Amino acid sequence: MDGGALTDANLTDSYFSTSFIGVNGFASPVETKYPLMQRMTNSSSSPSLLNDSAKPYAGHDPLTSPASSLFNDFGALNISQRRKTPNPTASEFIPKGGSTSRLSNVSQSNMSAFSQVFSHPSMGSPATAGLAPGMSLSAGSSPLHSPKITPHTSPAPRRRSHTPNPASYMVPSSASTPVSNPVSQTPSSGQVIQKETVGGTTYFYTDTTPAPLTGMVFPNYHIYPPTAPHVAYMQPKANAPSFFMADELRQELINRHLITMAQIDQADMPAVPTEVDSYHSLFPLEPLPPPNRIQKSSNFGYITSCYKAVNSKDDLPYCLRRIHGFRLVNTKCMVLVDMWKKIQHSNIVTLREVFTTKAFAEPSLVFAYDFHAGGETMMSRHFNDPNADAYFTKRKWGQHDGPLPRQHAGLLPESLIWAYIVQLSSALRTIHTAGLACRVMDPTKILITGKTRLRVNCVGVFDVLTFDNSQNNNPLALMAQYQQADLISLGKVVLALACNSLAGIQRENLQKAMELVTINYSSDLKNLILYLLTDQNRMRSVNDIMPMIGARFYTQLDAAQMRNDAIEEDLAKEVQNGRLFRLLAKLGTINERPEFQKDPTWAETGDRYLLKLFRDHLFHQVTEAGAPWIDLSHIISCLNKLDAGVPEKISLISRDEKSVLVVTYSDLKRCFENTFQELIAAASGQL
């Protein structure tokens, strides 16, 4: 296939990922069982892409999307676009006087053969000026301010706002449609002056794209590479999908979305208010306490409840922790709240605001935190088995102790415990460095999302609930004492994890618990627990346990990076889906439209008839036996070729098989864009 340069216009809404078709399941480079790829790559010299065993019921070929106007055109369907601000530093200028002599005219491309054979008003070449390589042009009004300051529709800012542009490294090649108005300077300057007309105003700017290296050839449409080798050799599960996101990750994300969008029936839960301050759509995240409950929280000393709610200011979900019946007397504690708001850490649930309310029919104090859907407490994850305490339970007379718990047989693996230690110590280090104390290092207040990701929850609650009027002059006076208590609490959490039981941290069971740790775990873990639980004659710091963690920190860093590689690979498999969906959505607005501007035959004539045949070529092919011929790689590759407007030819056959039209993808793309713009213009005129 002739290699044409893939410009930014074809990359407006997608990142360039290329290799040869046959990646991630559509066909692997080492596989030869997909003749479709060979048919497509050789079809530039053949009028048809259909193999001998496939009989076209109607014209079919790869689905692709209009490249340059995909984002801007579809934006007319009420999809908002980012607002771009003027950039006075853009490298563009307005030529004066004799400076125009440095600019050479641009040769216009010839009309395609299809345009010469079929004359139709909508098939003509666009009236707008051609685009420079790497540019996309959207219709817009002429700027009212001086062109010396870059308007938001000028080329330079939009060139910089595009996704990474592989065209910077590609050898330019001709396309069947006009792509640019390059006006080059004198050869000695080594730069290229680009010209673009937007809304009647002509802009000139310097093209800073590096010169391509000789001999470099890239595909001229989007195709998909295989899995990266460093991910492929991670030995994924045998049933892992080859060219879609992993089922486990997909299910986890779906569950998070489900929880985030959950709502309640207000008639069944009248005790939950419809709105609290600026939050609405409250959804309980834990069972609500009974109305006459007397027992208070074992952590905070007050009755508490937790809700998911949406903030009407930014429409984002948050977690609201309500303290029942609390009256805030001294507002000077808000100094500590402001300090907590500034802490951003990957292992801390960020506190956003604290406010009082009477929306619950009684005075309440509410803490608003970031909402992490699907999170569960460490208590529910690791300490909900009643049989786990059997080792520490006192035996009756004549009873013998059960078998000693072992790793992977009643106890947690040491690698998991160290992963938790690294994250918890990192959170404490950030909190103590900010001059604050955690004070909630407890299994009921540590959230786990995913498999091993920890976040310390409910930070700042104790600082408000226990604020003493004597601290007015120095709210941080007792923080050093609280920080020492944090280290002891961390030691208790680690010991409980090592014993897989909360009974192990009780004073009467400490000796037996340490014996269990000594038998099953390394001396480093034992020494870390002893250091955290033993009283010292000096002030301790969380940094003191860093040498005990040692090289295990690098193990956790390596695991996190490998996890990131795997997730990036899953993202790469889905990165083109949005672009292809937008293309199909635009194609669906054109095909089979019953009537347009009082013309019932509009969808069956002109450019629309070609698009109808292309739709049949894409989806409705059959074999010689009349069975449906379904090939996902065929659909994807055809869409990508249409998106790029490649010069490859295909044959479109009418449903009665009496007409055969040989066209190029560039012709189809022009018809596609002109037709969709016609719909957009008509829709805009009705608004």
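Mentor: What follows is a close look at one helix and its packing partners, with some context around it. The model is a predicted one. The protein has 687 residues, of which 46% are buried. Its secondary structure comes to 19 helices and 19 strands. Among contacts with a separation of 6 or more, 74% join residues 24 or more positions apart.

The part to look at is helix H11, which covers residues 479–499. Two packed helices are described by the angle between their axes and the distance between the axes. Start with H9, residues 414–433: its axis lies 11 Å from that of H11, and the angle is about 170 degrees. An angle over 145 degrees counts as roughly antiparallel, and H9 and H11 are therefore roughly antiparallel to each other. On the H9 side, the contact is made by Ile-417, Tyr-420, Ile-421, Leu-424, Leu-428 and His-432. On the H11 side, the residues include Gln-483, Asp-486, Leu-487, Leu-490 and Val-493. By class, the contact of H9 with H11 has 11 nonpolar residues, two polar and one charged.

Now turn to H13, residues 523–533. The axes of H11 and H13 come within 8 Å and cross at roughly 145 degrees. This crossing is left-handed. H13 contributes Leu-525, Leu-528, Ile-529, Leu-532 and Leu-533 to the contact, while H11 contributes residues including Ile-488, Gly-491, Lys-492 and Leu-495. The residues of this contact divide into 11 nonpolar, one polar and one charged.

Some residues of H11 take part in both contacts. Leu-487, Leu-490, Val-494 and Ala-498 touch H9, and Leu-487, Leu-490, Val-494 and Ala-498 also belong to the contact with H13.

H11 ends at residue 499. Cys-499 has a relative accessible area of 4%, so Cys-499 is buried. Another cysteine, Cys-671, is also buried, with a relative accessibility of 0%. The structure holds zero disulfides.

Is Asn-591 buried or exposed? Its relative accessibility is 11%, and buried means under 20%, so Asn-591 counts as buried. Leaving aside neighbours within four places in sequence, Asn-591 is in contact with Leu-611, Lys-612 and Arg-615.

Note on methods
Residues numbered from 1 in each chain as written. Predicted model: local features only at pLDDT ≥ 70, side-chain atom pairs only at ≥ 80, totals over all residues. Heavy atoms only, no water. Disulfide = S-S within 2.5 Å. Buried < 20%, exposed > 50% of the residue type's maximum accessible area, 1.4 Å probe, protein only. Axes fitted to C-alpha atoms, helices over the stretch in contact; angles between N-to-C directions. Helix = DSSP H or I, 4+ residues; strand = E, 2+ residues; numbered from the N terminus. Left-handed = near helix turned anticlockwise from the far one by under 90°. Contact = heavy atoms within 4.5 Å. Nonpolar A, V, L, I, M, F, W, Y, C, P; charged D, E, K, R; others polar. Parallel < 35°, antiparallel > 145°, perpendicular 65-115°, else oblique.
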